[in-house]
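Subject: Structure handover

Hi,

Here is the structure I promised to pass on to you. My notes follow below it, with the cut-offs included so that you can check them against your own tools.

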Amino acid sequence: MREIPVISIILIYVLSLLVDWYILKDIRTYAARHKKLLFSVHAVLTVASMGLITAIVCWPKDSDDRSLLPMMWMLYVYFSIYIPKLIYVVFSAVGRLFKSKRRGIRINYGAIIGAPLAVIVCLFMWWGVFFTRNEIVVEKVDVVSPRLPQTFDGYRIVQFSDAHVGTWGRDTSFVSKLVDEINSLKPDLIVFTGDIVNRETSEMEPFLGVLSGLKAPDGVYSVLGNHDYGDYMEWDFPSERDANNALMGIWQKQVGWKLMNNSRDFITHDGDSIVLIGVENWGEPPFRQYGKLSDAYPLSKDSVYNLNDSRFKVLLSHNPEHWNREVSKISNVDLTLAGHTHAMQMVFRIFGYEWSPSKWRYPQWKGLYELENQKGDTTRLYVNIGCGEVGIPARFGVAYPEITELTLHSVSR
């Protein structure tokens with residue numbers, strides 16, 4: 001675990017104390033009733049919050065205990081307290097500029113607005129923990145292509161992504177619910193588009209039995225995401241990382257998944273086939289570039305098959321930027337399935353319009369995208385916003401854990 005810079009620690013302490021000092025001052029100034037009670041409660045919360053910061057700073061960096069769960073929860077509790085407090089302080093400070101008197105009593109309308117707003121924000125943050133991140137949603141998508149063989153008309157692929165099982169520790173209840181939901185759809189094929197863990201393969205161990213319960217007639221296929229290579233760990237020796245990555249392949253095979261590392265497979269029905277292509281993670285700096293599309297399926301027209309042939313092709317690639325920067329430009333791959341964005345675990349829907357801060361980072365961040373290339377071929381991307389969490393144990397707004405059911409059609413309906 002990386003050391004927290006000393007200057008950052010000092011800034012956190014100072015800013016937190018300034019926020020608390022301001023609120024205590026407001027209690028003295030504006031609280032007409034229960035002033036002592038409010039002062040006492042806030043003082044206790046302040047001491048508890050300082051204790052949280054101290055615990056985070058002093059958390060043991062023992063290499064035998066690499067779990068980030070305790071720190072993750074302590075940080076989330078801290079921010080769920082101080083973000084609402086900061087909101088109150090901003091509104092109150094603005095209110096002081098326009099404060100007025102009524103019957104000799106000073107009134108700060110900013111504080112009057114800020115106090116309930118701070119409570120709402122706090123409740124919103126914890127709603128994301130206890131409800132939103134546990135409410136699995138199935139998104140149904142139709143994909144129509146003239147290249148799809150008639151025998152595959154109505155073929156159903158279920159995609160899930162970004163499980164990040166390490167965030168659940170050893171609690172398998174959510175993942176069990178997820179597996180049951182996927183199996184209940186009775187898909188022809190199940191695909192997982194990367195990030196099964198947060199930092200290291202050992203996080204998978206409590207979930208091996210549960211994940212092995214996924215079943216489909218044409219199997220379960222997977223690719224790796226940026227979190228699945230051990231690149232977020234500080235290994236003492238390169239051999240440790242190599243062992244971690246080797247174990248990832250062993251355990252995915254053990255649960256019955258076929259891991260595709262720059263490879264392809266042909267799904268055959270009644271003499272017809274579609275191509276399933278899987279690439280390793282197509283990384284962006286500072287992460288390594290593992291994905292090699294041309295290794296998985298040749299680009300050269302001298303090959304029996306190539307990236308612009310007439311076969312219906314489904315590509316599994318964790319990062320949607322791969323489709324944006326390469327796949328859509330050099331191939332006629334019919335459907336690319338990706339994850340990675342999580343929609344930053346925050347989506348707000350207003351009058352049918354969806355917004356997420358993820359839009360600032362990824363041109364394709366959620367849902368289905370289509371592009372017609374110069375040859376008139378339509379290439380599509382579907383971005384699944386994931387079923388797990390990383391960094392914070394919450395999802396906000398309508399960023400529910402997602403399962404995607406994609407139904408293929410050979411003719412337009």
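Let me start with the cysteines: the count comes to 0 disulfides, where a disulfide is a pair of cysteine sulfur atoms within 2.5 Å. Cysteine 387 is buried at 1% relative accessible area, while cysteine 122 is partly exposed at 25%. Here buried means under 20% relative accessible area, exposed over 50%, and partly exposed in between, with a 1.4 Å probe and protein chains only.

Some ground rules. This is a predicted model, in which local features need pLDDT of at least 70 and side-chain atom pairs count only at pLDDT 80 or more, while totals for chains, interfaces and linings use all residues. Residues are numbered from 1 along each chain as its sequence is written, and side-chain values use heavy atoms, leaving out hydrogens and water.

Now the sheet. An open sheet of 6 strands runs in the order β8-β9-β10-β11-β15-β14, with mixed pairing. Helices (H or I, at least four residues) and strands (E, at least two) are DSSP runs numbered from the N terminus, and two strands pair if DSSP finds at least two bridges between them. β8 (263–269) and β14 (367–372) each have a single partner strand, so one side of each has no neighbour in the sheet. The twist averages 20° from one strand to the next; axes are lines fitted to C-alpha atoms (for helices, over the stretch in contact), and angles run from 0 to 180 degrees between N-to-C directions.

Around β10 (313–316), the pairing is parallel on both sides: 4 bridges to β9 (272–278) and 3 to β11. Leucine 276 has valine 314 as its bridge partner, and leucine 316 stands opposite leucine 337 in β11. Lys313 and Leu315 point one way from β10, Val314 and Leu316 the other, and all are buried. In contrast, β14 and β15 (378–383) pair in the antiparallel sense over 6 bridges, with tyrosine 369 partnered by leucine 381.

Helix α9 (320–330) lies across β10, β11 (335–338), β14 and β15, at about 165° to β15. Together, β10, α9 and β11 make a right-handed β-α-β unit: with the strands pointing away from the viewer, the path from the first strand over the helix to the second runs clockwise.

Leaving aside neighbours within four places in sequence, glutamine 252 is in contact (heavy atoms within 4.5 Å) with Ile196, Ser222, Leu224, Trp257 and Leu259.

Best wishes
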